[in-house]
Amino acid sequence: MFNTIRSKLMISFSMLAVITAGIVGATFWFTQQNNQLVAQAIDQDFKGSNVISGLALDAQKIRRYEKEYFMYVGDAEKKIKYQDEWRQTYNKLSDQLQSMRNDRTGVWSVADLANVKAWSESLRAYGENFEQVIEDVNRGLLTNTLSANAAIQEGKNAFRVMLDGTAAASAQKLVAAQQAEQTILVSSTP
């Protein structure tokens, strides 16, 4: 009789231990899944959206400096001011894109890096065209807003890749972050 009760207790405690281990394992697995979603939402999607939004804003800013430069082609002081603003923003964009290409934290997917490569090429082509316009203005080959604006057309067309691409990618990252947030909320609701 003693062996029977002892056997039943051992079996009961063993089953309790197995059930507890299963609950702990399941809880650990769900916690890991949730942590991965949080990391994706925060690092890849939300952070990525913010970085790309910053690129989009700077891309718009550089176009504004270009337009201001053209408005003041005949005013040496203002022309130089906007030329310098343009170059500073160009260098900032170029540095940001280089930083994204070199980032090994896993924030950027293969598709993101392909976009960054295309945006870098777009910026480079636009920058080369604008620097040529500056040179032509300084040599007296372009003397007014209309001629300078016409000379940059090819560069502006190339730059559409970055302007349109950053706007679309930022919106896409934001939607992905919102979807991850919803998944997290659903999975953490008891």
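Modeller: Start with a term. A residue is buried with under 20% relative accessible area, exposed with over 50%, and partly exposed in between; the probe is 1.4 Å and only protein chains are considered. The model is predicted, so to speak of a local feature takes a pLDDT of at least 70, and side-chain atom pairs count only at pLDDT 80 or more, while totals for chains, interfaces and linings use all residues. Residues are numbered from 1 along each chain as its sequence is written, and side-chain values rest on heavy atoms, with hydrogens and water left out.

Now the setting. The protein chain has five helices and zero strands. Here helices are DSSP runs of H or I with at least four residues, strands are runs of E with at least two, and both are numbered from the N terminus. Along the sequence the pattern reads α-α-α-α-α. The chain has 190 residues, and 31% of them count as buried. A contact means heavy atoms within 4.5 Å. Take the contacts with a separation of 6 or more: residues 24 or more positions apart account for 79% of them.

On to the pairs. A salt bridge puts a side-chain nitrogen of Lys or Arg within 4 Å of a carboxyl oxygen of Asp or Glu. Side chains of opposite charge can pair when their charged atoms come close. By this rule the model has 10 salt bridges.

Look at Lys173 and Asp112. Their side chains meet in a salt bridge, 2.6 Å from N to O. Lys173 sits in helix H5 and Asp112 in helix H3, so this pair ties together parts 61 residues apart in sequence. Is Lys173 buried or exposed? Lys173 is buried, because its relative accessible area is 10%. Asp112 also has 10% relative accessibility, so Asp112 counts as buried.

Turn to Asp58 and Lys92. Their salt bridge spans 3.3 Å, N to O. This pair links distant parts of the chain: Asp58 is in helix H1, Lys92 is in helix H2, and 34 residues separate them. Asp58 counts as buried, because its relative accessibility is 5%. Lys92 is at 41%, so Lys92 counts as partly exposed. Lys61 joins in too: Asp58, Lys61 and Lys92 are linked in a network of salt bridges.

Arg124 is at 33% relative accessibility and so counts as partly exposed. Glu121 is at 41%, so Glu121 counts as partly exposed.

Glu68 lies in helix H1. At 18% relative accessibility, Glu68 counts as buried. Glu68 and Tyr82 are 14 residues apart in sequence, yet their C-alpha atoms are 6.4 Å apart in space. Asp136 is found in helix H3. At 16% relative accessibility, Asp136 counts as buried. Leaving out residues up to four places away in sequence, Asp136 touches Leu141 and Leu142.

What about the nonpolar side? In soluble globular proteins, nonpolar side chains tend to be buried together. A nonpolar core is a set of buried Ala, Val, Leu, Ile, Met, Phe, Trp, Tyr and Cys residues joined through side-chain atoms within 4.5 Å. The largest such core has 31 residues, of which Phe70, Leu97, Met100, Trp119, Phe159 and Met162 touch the most other members. Two or more core residues come from each of H1, helix H2 (76-102), helix H3 (110-138) and helix H5 (153-188). H3 gives the most, with eight residues. Phe159 shows the packing: beyond neighbours within four places in sequence, Phe159 is in contact with Ala59, Ile62, Arg63, Ser122, Leu123 and Tyr126.

The chain exposes about 11900 Å², and carbon and sulfur atoms supply 60% of that. These areas come from the Shrake-Rupley method with a 1.4 Å probe; for residues, only the protein chains shown count as cover. Ile5, Leu9, Phe13 and Leu16 make a nonpolar surface patch of about 410 Å². Phe13 lies in helix H1, which covers residues 2-71. Phe13 is exposed, because its relative accessible area is 54%.

Technical notes:
Patches are made of residues with over 30% relative accessible area and no salt bridge: like charges are joined within 9 Å, nonpolar side chains (Val, Leu, Ile, Met, Phe, Trp, Tyr) within 5 Å.
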